[in-house]
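Please review the briefing below alongside the sequence and the coordinates. The points are grouped by topic.

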Amino acid sequence: MRPAVRHYFPITTLRVEPGEPLPDFAATPNLAAFRGAPLLLNVFSVSCGPCIREVPKLNALHAANPDLQVLALCAEDADEATQFRRRHGLTWPVVAPGADYVYTRLGIEGIPAFLLLDADGRLLGSTYANQVADAQGYVTVDGLRAWVAALGGPRLR
């Protein structure tokens, strides 16, 4: 018997459709710096409890898949983003394009959220963290792997 295929709900307010490039921003590093390989974007806020709880899961995913590029997009300013990265031990880069980019330009209405881009910077898919979470609502490595696989992204360990 084959397991049921899981359906992941995309971010319906996102202002970018699958197959379209995500708009870039002026903060460094920008999205263009990650072209050439798939990119997992983790959209977060420094005051978000679930965002803090998912850091160890993303660190584990990143460690097991060094070819997977991961970038955290912070809705706050660069100083707050840098402090968050240091305080919580993120092993991937953090950039702070700001609330206007996250909420207005992209159309994200809640966090944490994930977006997966292909090697050319085009959107493969988006979802909120609760879609890749366990029964308690916390992101899991298996949930992220399954979502990336469902989008046709890279095979993750």
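P29 is placed in the segment before β1, and the peptide bond that joins T28 to P29 is cis, with omega near 0°. The model is a predicted one, in which local features need pLDDT of at least 70, side-chain atom pairs count only at pLDDT 80 or more, and totals for chains, interfaces and linings use all residues. Residues are numbered from 1 along each chain as its sequence is written, and side-chain values use heavy atoms, with hydrogens and water left out.

**Cis peptide bonds**
- A cis peptide bond, with omega near 0°, also runs from I111 to P112.
- P112 belongs to the loop between α3 (99–105) and β4.

**Segment before β1**
- P23 is located in the segment before β1 and counts as partly exposed at 21% relative accessibility. The classes are buried under 20% relative accessible area, exposed over 50%, and partly exposed in between, with a 1.4 Å probe and protein chains only.
- Beyond its neighbours within four places in sequence, P23 is in contact with V16, L31, Y101, R105 and L106, where contact means heavy atoms within 4.5 Å.
- P23 and G143 are separated by 120 residues in sequence and, C-alpha to C-alpha, by 26 Å in space.
- F9 is also found in the segment before β1. Residues up to four places away in sequence aside, F9 touches S126, T127, Y128 and Q131.
- Between F9 and N130 there are 121 residues of sequence separation and 9.7 Å in space, C-alpha to C-alpha.

**Loop between β1 and α1**
- S45 lies in the loop between β1 (39–44) and α1, and is buried, with a relative accessible area of 6%.
- When residues up to four places away in sequence are not counted, S45 touches C51, E76, F84 and I111.
- S45 and A96 are 51 residues apart in sequence, with a C-alpha to C-alpha distance of 9.8 Å.

**Overall fold and dimensions**
- The protein chain has 4 helices and 5 strands; helices (H or I, at least four residues) and strands (E, at least two) are DSSP runs, numbered from the N terminus.
- The order of elements in the protein chain from the N terminus is β-α-β-α-β-α-β-β-α.
- The radius of gyration of the protein chain is 14 Å, close to the 15 Å that the globule rule gives for 157 residues, so the chain is as compact as a globular protein of that length. This radius is taken over C-alpha atoms, and the globule rule is 2.2 Å times the number of residues to the power 0.38.
- The C-alpha trace of the protein chain spans about 50 × 30 × 30 Å along its principal axes.

**Burial and contacts**
- Of the 157 residues in the protein chain, 46% are buried.
- Among contacts in the protein chain with a separation of 6 or more, 68% involve residues 24 or more positions apart.

**Charge**
- The protein chain carries 14 positive and 15 negative side chains, and the centres of the two sets lie 8 Å apart. Lys and Arg count as positive and Asp and Glu as negative, while His and the chain ends are not counted; the place of a charge is NZ of Lys, CZ of Arg, CG of Asp or CD of Glu.

**Confidence**
- The mean pLDDT of the protein chain is 94, and 97% of its residues reach 70 or more; pLDDT is the predictor's confidence in each residue, from 0 to 100.
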